[in-house]
Amino acid sequence: MGFWNDAANSEPKRNFRFLIQLSGMGADDVMWYAKTVDIPNFSITNVQHNFLDNEFNFPGRMQWQEINISLVDPISVDAVQKTNNLIVKAGYQIPGAPPNVGPNGGASTMSRARMNDSLETVTISVLDAQGNGIETWTLKNPIITSVKYGTMDYSSDDLKQIDIGLRYDWATCQTDAGTQFDDV
């Protein structure tokens, strides 16, 4: 008998039941065309202290790791255009285009504030079999670190894909039981 048969609500979480929301995407903030996403993860650095013939280890800083989102590029909701709009809203200046104008009337460039305004909120929700959210990760102060628009290949039947790398300061996790990662 499997462990999920022991209790009424102990079905395991499934990798294919998830939603990604980028509120900076506008009306289509649920990315139904998402193919894969990394759940936030971290590492804790190690601080060593040597005393006589012994080495002692202490926990250091907690470092949140970059995550990647892979998107299928549909025609009707153009993921390339939506991604480009996020980068332009973040302050990227296309060479030769009219300059972005900042709040004081001068030229403007990318900044953390504009990137945060562009992305707004990034959430990853793990769903149960009925489509209810049972675990929601929210990235705090996310920034786009890389965009790969895919590879075209005549010998492949695969769907066109876009990969987006995101860094963030930290993440929170809200579970269906009401507990948060930062309450632990």
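# A tour of salt bridges, core and surface patch

The structure holds 4 salt bridges, a salt bridge being a side-chain nitrogen of Lys or Arg within 4 Å of a carboxyl oxygen of Asp or Glu. This is a predicted model, in which local features need pLDDT of at least 70 and side-chain atom pairs count only at pLDDT 80 or more, while totals for chains, interfaces and linings use all residues. Residues are numbered from 1 along each chain as its sequence is written, and side-chain values use heavy atoms, with hydrogens and water left out.

**Stop 1: salt bridges**

Select Glu 11 and Arg 17, whose side chains form a salt bridge with an N to O distance of 3.0 Å. Are these two residues buried or exposed? Buried means under 20% relative accessible area, exposed over 50%, and partly exposed in between (1.4 Å probe, protein chains only). Glu 11 is partly exposed at 46% relative accessibility, whereas Arg 17 is buried at 17%.

Next, select Asp 73 and Lys 160. Their closest N and O atoms are 3.2 Å apart, in a salt bridge. Asp 73 sits in the loop between strand S5 (67-72) and helix H1 (79-89), and Lys 160 in the loop between strand S8 (143-148) and strand S9 (161-167), so the pair ties together parts that are 87 residues apart in sequence. Helices (H or I, at least four residues) and strands (E, at least two) are DSSP runs, numbered from the N terminus. Asp 73 is buried, with a relative accessible area of 17%; Lys 160 is partly exposed, with 31%.

Then select Asp 169 and Arg 112, a salt bridge with its closest N and O atoms 2.0 Å apart. Asp 169 lies in the loop between S9 and strand S10 (170-175) and Arg 112 in helix H2 (residues 112-119), so this pair ties together parts that are 57 residues apart in sequence. Asp 169 is partly exposed at 34% relative accessible area, and Arg 112 is partly exposed at 45%.

**Stop 2: the core**

Select Leu 22, Leu 71, Ile 144 and Leu 166. These have the most contacts inside the largest nonpolar core, which has 28 residues. A nonpolar core is a set of buried Ala, Val, Leu, Ile, Met, Phe, Trp, Tyr and Cys residues joined through side-chain atoms within 4.5 Å. In soluble globular proteins, nonpolar side chains tend to be buried together.

Which residues does Ile 144 contact, leaving aside its neighbours within four places in sequence? They are Leu 86, Ile 87, Met 115, Leu 119, Ile 164, Gly 165 and Leu 166, where contact means heavy atoms within 4.5 Å.

**Stop 3: the hairpin and its patch**

Select strand S3 (42-51) and strand S4 (54-64), each of which supplies at least two residues of a nonpolar patch. S3 and S4 run antiparallel and are joined by 9 bridges; two strands pair if DSSP finds at least two bridges between them. The hairpin has 2 residues between the strands, and Leu 52 takes a positive phi near 55 degrees there.

The patch on the surface consists of Val 47, Phe 51, Leu 52, Phe 56 and Phe 58, with about 540 Å² of accessible area together. Patches are made of residues with over 30% relative accessible area and no salt bridge: like charges are joined within 9 Å, nonpolar side chains (Val, Leu, Ile, Met, Phe, Trp, Tyr) within 5 Å. Accessible areas come from the Shrake-Rupley method with a 1.4 Å probe; for residues, only the protein chains shown count as cover.

Finish on Phe 56 in strand S4. Phe 56 is partly exposed, with a relative accessible area of 38%, and is the bridge partner of His 49.
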